[in-house]
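Please read these comments alongside the coordinates.

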Amino acid sequence: MFDRRLAQNFDWPLLGITLALSFVGVVSLHSALGAGVPSSPERILYLKQWIWYGAGWIAMTVCFSIDYKKIERWGMPIYALINLLLVAVLFFGRYVGGSRRWLGLGPISIQPSEMAKIAVIIMLARYYARVVRSEGLSVRELILPFVFTAIPFALIVQQPDLGTAMMVFLIAATMTLYVKIERKTLICLTLIAVLIGGMGWFYLK
């Protein structure tokens, strides 16, 4: 039976924004590939986009119907599997645009670096749900989140794909700030970040 609470608590505005952005993306792709030219060979990309668009909605519906507590229990195996796939990319991945990002699995290809974003989210959510405190997290309590983030970050950088690696880092940093950090810990981390950034700027200069 359908649980009415799912519909009542669902973020409908977010769904609307997602629909709007998806529609704009598909229309823009159609225009860029030559609207009104049925025989254009590039139109296959437009059709593939619709296929992936539909697959995304199916995946979203499946994920929405799964109890998040079950996902939490499978957090570590999912995280370990994604990291193994990232390692496999370094040895067996195929080059696209000068970097190894894609891993062939039979007739399909996957990009484990994108899956790493979800794996990090699951692991950090699982960890923070257990250690969160009203006064915030200390440096000691941030060691494990750092390790959970650093492993896929380092593997993705080796591809190399610095853009996706930085996205993984930003996701982890945003989740951590949302959970809350002790003031002294936040000040300490900010100073370290400024110092590292200054050293990097001086080195590049």
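The numbered points below start with the basis of the model.

1. This is a predicted model, in which local features need pLDDT of at least 70, side-chain atom pairs count only at pLDDT 80 or more, and totals for chains, interfaces and linings use all residues. Residues are numbered from 1 along each chain as its sequence is written, and side-chain values use heavy atoms, with hydrogens and water left out.

2. The three strands make an open sheet, ordered E1-E2-E3, with antiparallel pairing (strands are DSSP E runs of at least two residues, helices H or I runs of at least four, numbered from the N terminus; pairing needs at least two DSSP bridges). E1 (94–96) and E3 are the edge strands with a single partner each, so one side of each has no neighbour in the sheet. Between E1 and E2 there are 3 bridges; Tyr95 has Arg100 in E2 as its bridge partner.

3. Buried residues of H5 (under 20% relative accessible area, with exposed over 50% and partly exposed in between; 1.4 Å probe, protein chains only) include Tyr79, Ile82 and Leu86. Among the elements covering the buried residues of H5 are strand E2 (99–105) and helix H7 (143–157) (contact: heavy atoms within 4.5 Å).

4. There are 2 salt bridges (a Lys or Arg side-chain nitrogen within 4 Å of an Asp or Glu carboxyl oxygen). Asp161 pairs with Arg101, with the closest N and O atoms 3.7 Å apart. These residues are 60 apart in the chain, Asp161 lying in the loop between H7 and helix H8 (162–179) and Arg101 in strand E2. Asp161 is buried at 5% relative accessibility, whereas Arg101 is partly exposed at 28%.

5. In the Glu114 and Lys117 salt bridge, the closest N and O atoms are 2.9 Å apart. Both residues are in helix H6, 3 residues apart, which means a separation of about one helical turn.
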